[in-house]
Amino acid sequence: MANQSTGLTRIIKAAGYSAKGIKAAWQNEAAFRQEAIAAIFAIIIAFSLDLSIVERILLISAVMLVVIVEILNSAIEAVVDRIGSEYHELSGRAKDMGSAAVLLTILLALFIWGIILWSHFMC
């Protein structure tokens, strides 16, 4: 059945579903917990450095993107696991692609942090 909620009620319900998703990721996904804690420390570092607002936004956005992609990867893994525990090539491929997305996002974040910190402290 389609969701009949509209306006503010829909927004409140959506916020509740989002909170449930974050709670589930925290409780069930070690990688999410590690990346969330790393993101908190990275955000603290970004605010403690003498950077421009654009540089600070880039640093924080990069680490938040890692957390977002990890949640999406966890959702893919949960759906694949829900379908069945027997091996299927497409299930393995889906999980591997989700993992690759997380890796590429981490590499992007490291690149952004490296370029900004290098240009700020080495030049």
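**View A. Helix α3 is the leading contributor to a nonpolar surface patch.** In this predicted model, α3 gives the most to the nonpolar patch, with 4 residues. The patch covers about 640 Å² and is made by M64, L65, I68, L72, L108, F111 and I115. Two helices, α3 (53–83) and α4 (89–121), each supply at least two of its residues.

**View B. Here is a look at L108, a patch member in helix α4.** Is L108 buried, partly exposed or exposed? Its relative accessibility is 38%, so L108 counts as partly exposed, since that class lies between the under 20% of buried residues and the over 50% of exposed ones.

**View C. Helix α4 is shown end to end, together with its buried residues.** With 33 residues at 1.5 Å a residue, α4 should span 48 Å, and its end C-alpha atoms are 47 Å apart, so the two values agree. Look for the buried residues G92, G98, V102, T105, A109, I112, W113 and I116 along this helix. Their cover includes α2 (30–48) and α3.

**View D. Helix α2 has a buried face.** This helix of 19 residues reaches 27 Å from its first C-alpha to its last, close to the 27 Å expected at 1.5 Å a residue. Its buried residues are F32, E35, A36, A39, A42 and A46. Seen down the axis of α2, they fall within an arc of 125 degrees, so they line one face of the helix. What do the buried residues of α2 pack against? Their partners are α1 (7–28), α3 and α4. Turn to the other side of α2 and you will find Q34, I40, F41, I44 and S48 exposed.

Terms used:
Residues numbered from 1 in each chain as written. Predicted model: local features only at pLDDT ≥ 70, side-chain atom pairs only at ≥ 80, totals over all residues. Heavy atoms only, no water. Patch = residues over 30% accessible without salt bridge, like charges linked within 9 Å, V, L, I, M, F, W, Y side chains within 5 Å. Areas by Shrake-Rupley, 256 points an atom, 1.4 Å probe, with all protein chains shown as cover. Salt bridge = Lys/Arg side-chain N within 4 Å of Asp/Glu carboxyl O. Buried < 20%, exposed > 50% of the residue type's maximum accessible area, 1.4 Å probe, protein only. Expected span 1.5 Å × (residues − 1). Contact = heavy atoms within 4.5 Å. Arc of directions from axis to C-beta.
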